[in-house]
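Subject: Handover of a structure

Dear colleague,

Please find below the structure that I am handing over to you. A short account of the findings follows it.

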Amino acid sequence: MAGVLHMPQPPLLRPLSRHRRAVKPPTSVSVRASSTDSPEASTATKPPSSSATFAPPPNFKPPEPKRFGVRPDKVLDVLGASLTLIFRLGTGVFVSGYSASFASENEIPPGQYALDIAGVKIKETSKLGPRPEKPIEIYEFESCPFCRKVREIVAVLDLDVIFYPCPRNGPNFRPKVVQMGGKQQFPYMVDPNSGVAMYESDDIIKYLVTKYGDGNVPVLLSLGLLTTLTEGFAMIGRMGKGSSYIPAKLPPKPLEIWAYEGSPFCKLVREVIVELELPHLVRSCARGSPKRQVLYEKAGHFQVPYLEDPNTGVQMFESAEIVEYLRATYAL
């Protein structure tokens with residue numbers, strides 16, 4: 001081992017927020033998620049049975065993954081989505097307690113994931129808190145700065161979350177939030193492991209780091225108004241994307257996507273998933289996540305985003321092609 005780079009979790013700074021926590025008793029929450037690998041939509045949000053069928057587009061073939069490749073017609077989209085890394089200084093890119101160390105080829109056994117930069121192997125680790133038995137459930141939409149704050153802490157804590165998209169004029173999950181919590185405000189979180197349900201992004205962040213982390217809120221998520229402003233600036237390059245509903249077929253099972261908030265490629269896919277109001281289970285896999293090894297073993301390659309659609313059986317890499325697949329399969 002030639003050298004070691006440690007990036008400890010920043011100390012706790014109290015968020016400058018006057019938001020109040022709205023905690024709902026377990027009996028008032030009618031949404032529950034399955035703990036299986038491919039969870040079905042909960043009873044409360046499952047669409048009524050219909051004659052709609054789901055199949056890949058004609059002659060569809062998943063593309064071969066291209067490492068660090070950007071399709072020429074998507075360069076501007078990727079650049080716009082990358083502004084988040086500048087304004088948010090990489091928040092959501094690294095898992096809590098991230099640590100990286102250089103290693104020789106001989107130190108990496110066959111079948112083990114390691115970051116490879118110009119032939120130099122880098123082993124990545126993290127320090128995770130307790131793991132929830134069932135995925136957390138969050139109702140939100142892509143272009144909301146308060147929602148982005150919560151998505152960032154989800155990546156930092158390496159949590160798997162079922163997201164129920166709530167774009168403007170969305171017919172399915174916006175009304176459900178009003179039914180459950182009493183008001184149309186986002187983000188709204190439900191933890192089926194504890195029965196806790198709440199609004200307010202700062203309160204959700206505090207709850208998640210207390211229950212599933214080390215209790216410390218990352219510095220860049222604890223600066224109150226400054227955090228919210230930088231979250232808003234981070235979206236300038238993709239202003240308005242992922243906010244308005246596009247009529248679509250609601251699938252019986254949530255899609256599954258391996259992704260993390262700091263990736264511009266994942267953001268481009270999430271924008272379309274939210275616009276189509278498609279429930280989806282995010283397998284968080286920021287830098288240092290042990291789930292990188294899981295995906296490496298599953299697909300023989302690590303790259304995000306990686307989509308698994310239990311409604312059609314499609315599994316695929318490549319953000320541009322995933323976007324095209326989603327529109328062709330679900331948009332009306």
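This is a predicted model: local features need pLDDT of at least 70, side-chain atom pairs count only at pLDDT 80 or more; totals for chains, interfaces and linings use all residues.

Residues are numbered from 1 along each chain as its sequence is written, and side-chain values use heavy atoms, with hydrogens and water left out.

The sheet is open and has 8 strands in the order β8-β7-β5-β6-β10-β9-β11-β12, with mixed pairing. Strands (E, at least two residues) and helices (H or I, at least four) are DSSP runs numbered from the N terminus, and two strands pair if DSSP finds at least two bridges between them. At the edges lie β8 (196-198) and β12 (314-316), each of which pairs on one side only. Strands β5 (residues 136-140) and β6 (residues 160-165) run parallel and are joined by 5 bridges; Ile 138 has Phe 163 in β6 as its bridge partner.

Helix α2 (residues 145-157) is largely enclosed by the rest of the structure, because 11 of its 13 residues are buried. Here buried means under 20% relative accessible area, exposed means over 50%, and partly exposed lies in between (1.4 Å probe, protein chains only). Among the buried residues of α2 are Arg 148 and Glu 152. After α2 comes Asp 158, with a positive phi near 60°.

The model has 25 salt bridges, each defined as a side-chain nitrogen of Lys or Arg within 4 Å of a carboxyl oxygen of Asp or Glu. Two of them involve α2:

- Arg 88 and Glu 152 meet at 2.9 Å, N to O. Arg 88 lies in the loop between α1 and β2 (99-103), 64 residues from Glu 152 in helix α2. Both residues are buried.
- Arg 148 pairs with Glu 231, the closest N and O atoms being 3.1 Å apart. This pair links helix α2 to helix α5, across 83 residues. Arg 148 and Glu 231 are both buried.

A further salt bridge joins Glu 308 and Lys 298, with 3.2 Å between the closest N and O atoms. Glu 308 is buried at 9% relative accessibility, whereas Lys 298 is partly exposed at 46%.

On the surface, Ile 86, Phe 87, Leu 225, Leu 229, Phe 233, Ile 236 and Met 239 form a nonpolar patch. Such patches are made of residues with over 30% relative accessible area and no salt bridge, with nonpolar side chains (Val, Leu, Ile, Met, Phe, Trp, Tyr) joined within 5 Å and like charges within 9 Å. Helix α5 supplies the largest share, 3 residues.

Yours sincerely

Terms used. Accessible areas come from the Shrake-Rupley method with a 1.4 Å probe; for residues, only the protein chains shown count as cover.
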